[in-house]
Amino acid sequence: MLNRIKQQRGVAATSRRNFLKLVAGSGAGLTLAMKLPNAVAAEKAESHLNGDGQFQPNAFVKIGNDGKVRVLMKHLEMGQGSYTGLATLVAEELDANWDDVIAEGAPADAARYKNLHWGAQGTGGSSAIANSFEQMRIAGATAKAMLVAAAAEQWQVAASGIRVEQGVVTDPASGRKAGFAELADAAAQQRVPDVSELKLKDPKAFSLIGKTRLRRKDQGKTDGTAIFTQDLKLEGMLTALVAHAPRFGATLKTFDAAAAKAVKGVVDVVAIPTGVAVLAIDFWSAKKGRDALSIEWDQSQALNKSSAQLMQKYRELAAKPGATATNNGDAVAGLDNAATLIEADFEFPYLAHAAMEPLNCVARVSAGGCEIWNGEQMQTNDQYTIAALLQIKPEQVKINMLFAGGSFGRRANPHADYLLECVNIARQRPGTPVKLVWTREDDTRQGYYRPMYFHRIRGGLDADGNLIAWQQRIVGQSIGAGTVLEQYLIKDGVDATSVEGANNLPYAVDNLQVELHTVQLPVPVQWWRSVGHTHTAFSTEVFMDRVAKAAGKDPVALRLELLKAHPRHSGVLKLAAEKAGWGKTLPKGHAQGVAVVESFNSYVAQVAEVALAEDGTFRVVKVICAVDCGLAINPDVIKAQMEGGIGFGLSPALMSEITLENGAAVQSNFNDYEVLRIHQMPEIEVHIVPSAEPPTGVGEPGTPPIAPAVANALFALTGQTFDRLPIQIKSPA
């Protein structure tokens, strides 16, 4: 696997330069996007009919003669509700009939569809709504203005008197009405208004934003009509499976393909930089062919450690100072002078993404370029990386964005690992579409993981029980190292994703020191839903309850005392505590725990209620969640994301972990890499803080607080401390 990374780094070198040029060139970000309608106008000075004869005033809206409003989605839909949220923004300003709005995936085109927070096209970091809020509203308002102008011209009335409601354009004075379909052609002949001429709605006039029970725009998932990569069937398409090295760091030495080629349905066997690929007419033939392969691996440089051995090395490193992430005041002196010293070590295992749809991709390489079909999450990065591999221009890499059956970060791999693998196979069969499939076992054992981490925290109280010092040392692999994002993520030896949530601890502590040890291992790592907050939230929030106990203070009261400078943290904490009835008498064997976390500019507090059984097991009974994500675009989606985030976070809290033995992953599938089942979900209440702040994201922030909230509840119930995930209770109280 290390060899795979090294080989791809060579490929990425050219890609990185080109990619950064693009990013630098698009530094104006929002400004460029805001001017997009005029850019389109310049391209089509006389008409805004697209190639399909549809009225398309800008890159995001198409209105056909059928009256349907098609909104082009620059962000991947992977279950998080981005299609619904983005369509809502356009439809709101357009005053479209919601039933006539259709969401369509946009092509890969960074000039038009870049993420305004990134300067490149891609989905992640809970940024879909946050970066698109004004852009998509302007797109809708622009289309509406041109429809109104067309009506005014046809009816010879003033545009100012025309109204638009539910997809119907009306002149109240004359009583004339027309649907979007009737005006589409005429609207296409109108001048595209400048952004300065548009007046976006006052929030008081919103008819869709903030409303519940809007029909989702990612339909087809429950009746099987939605198209995922796994559903795709192209003429002459072959299916490929790759045999990867069994241990991280091993490389291909030799292989014998004779037995594999003898399997019925197998078409070819080819070597690629990451292993040996078997191509067949279908999945099962490819699987049987791969099973029949005879391969000799060079394991001389392979990892030969276990998770326990690596963790011991991490623990030893934490005894020494690391690279400084934060250093406010004098934490060492504060700890030396403390009346009470609190210390804790925390261990976090590797985690797999384990999305429901297995990892996959379709690629066809031909003389004219390369075409990709994929649940695509990093269009620009992948275009440049593939182009560098094939020595073609990025625009010759056409990407068709399909739905993804989950991702949790896996499809946003900065190395473009599985896409490069698919292209490496397809380039050996020019003109033939190749579907690469990683089985769940492949991705569980040889995929990219959330890194393993170790944290050591020391806190000091003065004689009055006030928190006066906090020192935290973190040990783990870097997600950003060796990627196109390295220069942005890593400063002075500190990968921001390793320490986020700890180096910006919101609690008022005069003496705060956070340090990082970054280790290098051949185990491939990348972000996992909510990134660094998946471990820093647990260590800091669990430690805070230790502080509260040592100080003799209520956990909620102590947090509020230390969060006076952070009203949005305090707001969600108060709301969650109030709705949960914090401090109320609970049934025997029950207890509550709390955690509050800001991630991706959204604020979430959760109160978990746990119940202990006579046999020493426990269950999470109920979770009260309060979220402040600014203006709530779609409350139903927000609630669904909080619920999903809680369920996702409960998996590593209660059962999920990847462990290594002799340099290889032990787990293989859902039988031994367990994730939360539906019957294990607790009752959940979600409360949204009313807000007029710009909307932020909800895809990731629901996950970090749940594990510490559960651990804190068990701490309150049993008195035991919980210092590693998954949580393991030692004995009944």
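Begin with the charged side chains: the structure holds 37 salt bridges, each being a side-chain nitrogen of Lys or Arg within 4 Å of a carboxyl oxygen of Asp or Glu. This is a predicted model, in which local features need pLDDT of at least 70 and side-chain atom pairs count only at pLDDT 80 or more, while totals for chains, interfaces and linings use all residues. Residues are numbered from 1 along each chain as its sequence is written, and side-chain values use heavy atoms, with hydrogens and water left out.

Select Arg70 and Glu104 next, whose side chains form a salt bridge at 3.1 Å, N to O. The pair links distant parts of the chain, with Arg70 in strand β3 (residues 69–73) and Glu104 in strand β4 (residues 101–105), 34 residues apart; strands here are DSSP runs of E, at least two residues, and helices are runs of H or I, at least four residues, both numbered from the N terminus. Arg70 is buried, with a relative accessible area of 18%, whereas Glu104 is partly exposed at 25%; buried means under 20% relative accessible area, exposed over 50%, and partly exposed in between, with a 1.4 Å probe and protein chains only.

Now select Arg456 and Asp345, a salt bridge in which the closest N and O atoms are 2.8 Å apart. Arg456 lies in strand β19 (residues 453–461) and Asp345 in strand β14 (residues 340–348), so this pair ties together parts that are 111 residues apart in sequence.

Back at Trp470, display its contacts (heavy atoms within 4.5 Å): not counting residues up to four places away in sequence, Trp470 touches residues including Ala331, Ile457, Leu505, Val509, Phe543 and Met544.

Finish by selecting Ala354, Ala355, Glu357, Leu359 and Asp443, which lie nearest the centre of the largest cavity among its 16 lining residues.

Technical notes. On a 1 Å grid over the protein atoms alone, a cavity is a set of points where a 1.4 Å probe fits but cannot get out, and a pocket is an open set with protein on both sides within 12 Å along at least five of seven lines; lining residues have an atom within 4 Å of a point.
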